[in-house]
Amino acid sequence: MVSVLAVSDETIESLWSSQVRAMDVDLILGAGDLPFDYLEYLIDALDAPCVFVPGNHDADLSGYSAGRVGWMRAGLPSAWPGPCGAVNADGRIVRIAGLRIAGLGGSIRYNDGPNQWTERQQRRRARNLALTSAWHARRSGVSGVDVLLTHSPPRGVGDQEDPPHRGFECFETLAGRLQARVMIHGHVHPYGRAAEDRTLGATTVINTVGFTLMELAPGADPTIVRRRHGT
């Protein structure tokens, strides 16, 4: 079993303090809209790897690549604005702590801010991610992913009707094509209410605004240990 601390959208005072060192965590998952130094603190305090996707209130991280002389963007040296030591899984599939994690960040487009996509744009990105998963399956003989990590929820599964918080319709097809056991997202604040775990076909959908501590094993359903929302 892999002990996973999933965080999103709301900082938790007890996590941004020495108290967090008492947690036994193998992997940190960030679902967006958190201060990058908060993620960096968790990486250092827990001595655990971190995989994240950007939210609609995060900096634009597109186009950066790690080269021999450091970070590059558009062929020129550039300072990486993201969290140091964390892995940006947006549009990628990564394998960390024994889990296969697919990432797709951002929200539905509602203004001119970064990390926002129309349904058509996100559908294209989702299709590319599914093709990447199929390519990995052909090479490794192992199909599907353990975690689909997103910022926004699927349409009709824990989203809201106001324009910024509408989910993506394409996520239902994506979760099925990836055979994801669990989908972890943020973006929709429960404001003091307990966030319900939902299902999308065979996928368990978890809203992790605040934090969720869970245990995951490849090919198994998640076991929720503890959760808390900041407001």
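Me: What volume does the largest pocket have?
Reply: The model is a predicted one, in which local features need pLDDT of at least 70 and side-chain atom pairs count only at pLDDT 80 or more, while totals for chains, interfaces and linings use all residues. Residues are numbered from 1 along each chain as its sequence is written, and side-chain values use heavy atoms, with hydrogens and water left out. The largest pocket has a volume of about 340 Å³. A pocket here is an open set of points on a 1 Å grid over the protein atoms alone, where a 1.4 Å probe fits, with protein on both sides within 12 Å along at least five of seven lines; its volume is the space filled by probe spheres set on those points, which are joined across faces, edges and corners.

Me: Which residues lie nearest its centre?
Reply: Leu61, Ser62, Gly63, Asn88 and Asp90 lie nearest the centre of the largest pocket, out of 18 residues that line it, where a lining residue has an atom within 4 Å of a point.

Me: And which strand gives the largest share of that lining?
Reply: That is β7, with 3 residues, and both β7 (86-88) and β11 (116-117) supply at least two residues each. Strands are DSSP runs of E with at least two residues, helices are runs of H or I with at least four, and both are numbered from the N terminus.

Me: How does the lining divide by class?
Reply: The lining of the largest pocket has 8 nonpolar, 5 polar and 5 charged residues. For this count Ala, Val, Leu, Ile, Met, Phe, Trp, Tyr, Cys and Pro are nonpolar, Asp, Glu, Lys and Arg are charged, and the others, Gly among them, are polar.

Me: How many salt bridges does the whole structure have?
Reply: A search of the whole structure finds 7. One of them joins the side chains of Arg123 and Glu119 at 4.0 Å, N to O, and these two residues both lie in helix α2, 4 residues apart, about one turn of the helix. Arg123 is partly exposed at 37% relative accessible area, whereas Glu119, at 17%, counts as buried.

Me: Which residues are joined into one network?
Reply: The side chains of Glu161 and Arg155 meet in a salt bridge (3.0 Å, N to O), with Glu161 exposed at 57% relative accessible area and Arg155 partly exposed at 23%. Salt bridges that share partners join Arg155, Asp159, Glu161 and Arg166 into one network.

Me: Changing topic, how much space lies in the second largest pocket?
Reply: About 200 Å³ of space lies in the second largest pocket. It is lined by 15 residues, and the closest to its centre are Gly158, Arg193, Ala195, Arg198 and Asn207. Strand β15 (residues 203-207) gives the largest share of that lining, 3 residues, and by class the lining divides into 6 nonpolar, 5 polar and 4 charged.

Me: How many residues of β15 are buried?
Reply: In β15, 5 of its 5 residues are buried.

Me: What does β15 pair with, parallel or antiparallel?
Reply: Strand β13 (residues 182-185) runs parallel to β15 and is joined to it by 4 bridges, with Ile184 partnered by Ile206. Strand β14 (residues 198-200) runs antiparallel to β15, with 3 bridges, and Arg198 has Val205 as its bridge partner. Two strands pair if DSSP finds at least two bridges between them.

Key
Buried < 20%, exposed > 50% of the residue type's maximum accessible area, 1.4 Å probe, protein only.
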